[in-house]
Amino acid sequence: MARIFRHHVSPVKLTLAAVDVALITACAFIAEALRFHMLDLPVVQTPVALASKIMIPIVTFPILLGFGAYQSDAMGDLRVFGFRLLTAILTSILVLAALAYLLPVIPLWRSIMLLSFGFAALSLLLAHILFSLFAANSFLGRRVIILGAGQGAVDLMEEAEATPDAGLKIIDVVAVPGGEQVLVQATSLSDMRDLADHAVSVHCDLIVIGDKYETAQLPIDALIACKLAGIAIMDRLTFYEEVRGYVDLESVKADWIVFAEGFKGGSIIERALKRLMDVVTSTLFLIITFPLFLACAAAIRLTSPGPVLYRQERVGLNGKTFNVLKFRSMTVDAEVKDGPKFAAENDPRVTPVGRFLRRTRADEIPQAINVLRGDMSFVGPRPERPYFVEQLREKVPFYRERHCLKPGITGWAQIRYPYGASFEDSRRKLEYDLYYVKNYSIFLDLLIILQTLRVVLFPHGVR
């Protein structure tokens with residue numbers, strides 16, 4: 001895995017993104033040359049003309065990224081990618097048209113822009129088809145042996161299959177003598193010292209320790225021989241972190257948090273930049289959504305009695321509590337009878353307008369005010385209620401560690417996992433929160449903000 005500002009990125013995804021940017025740029029120049037040829041005009045590349053064409057990939061690529069064109073589901077299903085590509089291109093056309101109107105000095109002809117996106121749509125679709133057929137399993141992919149044939153191996157195989165963008169090809173499973181019960185078809189070596197020769201013979205690039213073993217149970221000498229032969233060795237914890245983007249709680253121990261790289265919370269400069277980004281982002285967010293803010297407030301006021309805004313106590317940085325602001329989506333005194341509980345699908349406490357607000361995430365717009373106050377950040381772990389935090393601390397290991405950063409409106413767990421509506425969901429979301437805390441950077445924050453567009457436009461798992 002490549003690592004960009006502490007965040008793990010698949011070589012397949014990184015290469016495909018670079019190819020897409022190159023194709024979009026090339027299509028802009030080809031469209032201009034074709035249009036000028038049709039008009040029998042010479043192509044003159046002035047700095048302003050070059051800037052107008054470079055604007056096309058600069059605008060289009062972040063929108064593609066934000067709309068989820070490089071997510072596992074899009075890279076594994078061309079229909080999903082095609083739909084997201086189409087919506088991203090339409091959005092890019094609107095954004096560029098607005099820029100051309102606001103900046104008339106930039107010679108961004110509508111005909112050239114439409115030709116560019118027509119060529120780009122076809123070339124990007126073809127590129128993704130070729131990558132799905134060849135790249136992931138050839139020069140960009142890695143041939144993997146799983147060591148251990150128990151439940152851990154089953155889980156790893158499912159995870160690898162669900163992550164086509166990781167480019168992992170499971171070529172063999174090798175059982176460990178005295179290990180867990182064999183649950184998958186596996187190779188049994190008569191002597192584990194032959195592991196290195198076997199791995200080299202099948203052209204293995206990576207060995208992943210599938211099951212949980214004590215050090216004494218592992219064939220250490222054989223693994224050392226594999227590593228010296230140029231084969232990477234990875235444990236379960238590292239596999240889930242690098243490939244799936246979360247920390248496997250079952251494999252985490254306190255000493256790992258102490259000695260692992262990361263969990264630094266960012267430097268002074270990063271924290272200052274994060275606060276600056278919070279203020280700028282939340283201000284722009286409130287300005288852009290102001291008409292929607294008024295519409296939501298009016299809809300709540302006209303359809304159900306009670307206040308428009310709902311204040312609820314949440315746990316923030318270092319365990320301190322604050323009042324989060326949300327548009328009220330439930331009936332007044334919804335918890336008087338049964339007390340606090342997780343929101344459920346088709347929750348009867350939710351009003352018709354509230355259901356729409358939750359589905360579109362519009363109920364969270366007022367939280368930008370919390371960001372301006374400094375109670376929250378725009379990006380961070382979602383704040384939970386003290387009632388649930390106390391229970392989660394007892395049931396879920398390392399839950400308090402998520403409070404070392406300010407909570408956020410959006411976060412890594414929100415874009416990677418559906419709405420948490422149970423203690424098990426909270427446990428799973430903590431695995432993503434720990435990844436964010438461990439690998440925090442401004443780059444990761446920007447990536448999360450962009451990909452929040454996908455969550456809003458293509459809602460999944462809302463309550």
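User: What comes after α1, and what is its phi like?

Analyst: Helix α1 is followed by D40, and the phi of D40 is positive, near 55°. Please keep in mind throughout that this is a predicted model.

User: OK, and how many residues does α1 have, and how far does it reach?

Analyst: Helix α1 has 28 residues, and from its first C-alpha to its last it reaches 40 Å, which is close to the 40 Å expected at 1.5 Å a residue. The helix covers residues 11-38.

User: What caps the N-terminal end of α1?

Analyst: That is S10, which places a side-chain oxygen 3.1 Å from the backbone nitrogen of V12. V12 itself is among the buried residues of α1, a list that also includes K13, L16, D20, C27, A31 and F36.

User: At what angle do α1 and α2 pack?

Analyst: Helix α1 and helix α2, the latter made of residues 47-66, pack at an angle of about 145°, and their axes are 9 Å apart. The crossing in which α1 passes α2 is right-handed.

User: Which residues meet there?

Analyst: On the α1 side they are A17, V21, I24, T25, A28, F29 and E32, and on the α2 side they are L50, K53, I54, I56, P57, T60, F61 and L64. Sorted by class, this contact has 11 nonpolar residues, together with two polar and two charged ones. Several of the α1 residues named here are also buried, among them A17, I24, T25, A28 and E32.

User: Staying with α2, is L65 buried or exposed?

Analyst: L65, which lies in helix α2, counts as buried because its relative accessible area is 15%, under the 20% cut-off.

User: Switching topic, where is R84, and what does its side chain make a polar contact with?

Analyst: R84 is found in helix α4, which spans residues 78-102, and the side chain of R84 makes a polar contact of 2.9 Å with the side chain of D73. R84 is buried, as its relative accessible area is 8%.

User: And what else is R84 in contact with?

Analyst: Once its neighbours within four places in sequence are left aside, R84 is in contact with F67, G68, A69, Q71, A74, R454 and F458, as well as with D73.

User: What about Y435, buried or exposed?

Analyst: Y435 sits in helix α17, residues 423-438, and it is buried, with a relative accessible area of 0%. Its side chain is joined to that of H7 by a polar contact of 2.8 Å. If residues up to four places away in sequence are not counted, Y435 touches H7, H8, E241, G245, Y246, V247, W412 and L444. For G245, which is 190 residues away from Y435 along the chain, the C-alpha atoms of the two residues are separated by 6.6 Å.

User: Last one: where is Q414, and which residues is it in contact with?

Analyst: Q414 has its place in helix α16, residues 412-416, and at 13% relative accessibility Q414 counts as buried. Leaving aside neighbours within four places in sequence, Q414 is in contact with G380, R382, K429 and V455.

Note on methods. Residues numbered from 1 in each chain as written. Predicted model: local features only at pLDDT ≥ 70, side-chain atom pairs only at ≥ 80, totals over all residues. Heavy atoms only, no water. Axes fitted to C-alpha atoms, helices over the stretch in contact; angles between N-to-C directions. Helix = DSSP H or I, 4+ residues; strand = E, 2+ residues; numbered from the N terminus. Left-handed = near helix turned anticlockwise from the far one by under 90°. Contact = heavy atoms within 4.5 Å. Nonpolar A, V, L, I, M, F, W, Y, C, P; charged D, E, K, R; others polar. Expected span 1.5 Å × (residues − 1). Buried < 20%, exposed > 50% of the residue type's maximum accessible area, 1.4 Å probe, protein only. Polar contact = N/O pair within 3.5 Å; in protein donor to acceptor, adjacent residues only side chain to side chain.
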